Amino acid sequence: MNIPANLKYTKDHEWVSIDGDVATVGITDFAQKELGDIVYVEVETLDQTLGKDEVFGTVEAVKTVSDLFLPLSGEIIEFNDDLESNPEAVNSDPYGAGWMVKVKISDASEVAQLLSSEDYTALIGA
């Protein structure tokens, strides 16, 4: 199981990479394995400001559709357009080419509530 130590995580299986006041968000290796083959990623919240834990999109796999929850409050400033034609990048490279959105963080204090790689590893029992 790939759980990079340099990222933060949520109990909803999203990962977060923070660079200044911008967070890049995707789903974890564990989540993509649980979902199976991903066929579609939908994000209709571009340029919207959402609160922590609000739904920012959905990911559709062969057998299910799952909501995506925003790990930090802020404005969705970018969507990974490559996922429109290549949603399977979430399966093949969840922490790289499979990133989903970039968020301009509006409440930096929420970062402290995210899980470390060790905490996330314990959560999923890996």
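Modeller: A residue counts as buried under 20% relative accessible area, as exposed over 50% and as partly exposed in between. Keep in mind that this model is predicted.

Colleague: Thanks! Is Lys33 buried, exposed or partly exposed?

Modeller: The relative accessible area of Lys33 is 48%. That value falls between the 20% and 50% cut-offs. Lys33 is therefore partly exposed.

Colleague: How many residues apart are Lys104 and Asp21?

Modeller: These two also form a salt bridge, with their closest N and O atoms 2.4 Å apart. Lys104 belongs to strand 9, while Asp21 is in the loop between strand 2 and strand 3 (22–27). The pair links distant parts of the chain, at a separation of 83 residues.

Colleague: Now the rings: are Tyr9 and Tyr120 stacked or edge-to-face?

Modeller: Their ring centres lie 4.9 Å apart, with the planes at 15°. Planes under 30 degrees apart meet the rule for stacking. Tyr9 is in strand 1 (residues 8–9) and Tyr120 in helix 4 (residues 117–124). The pair is therefore stacked.

Colleague: And what is the angle between the ring planes of Trp15 and Tyr95?

Modeller: Both residues are buried, and their ring centres are 5.9 Å apart. The pair is tilted because the planes are at 55°.

Conventions
Residues are numbered from 1 along each chain as its sequence is written. This is a predicted model: local features need pLDDT of at least 70, side-chain atom pairs count only at pLDDT 80 or more; totals for chains, interfaces and linings use all residues. Side-chain values use heavy atoms; hydrogens and water are left out. Rings of Phe, Tyr and Trp (its six-membered ring) pair if their centres lie within 6.5 Å; planes under 30 degrees apart count as stacked, over 60 as edge-to-face and the rest as tilted. Helices (H or I, at least four residues) and strands (E, at least two) are DSSP runs, numbered from the N terminus. Buried means under 20% relative accessible area, exposed over 50%, partly exposed in between (1.4 Å probe, protein chains only). A salt bridge is a side-chain nitrogen of Lys or Arg within 4 Å of a carboxyl oxygen of Asp or Glu.
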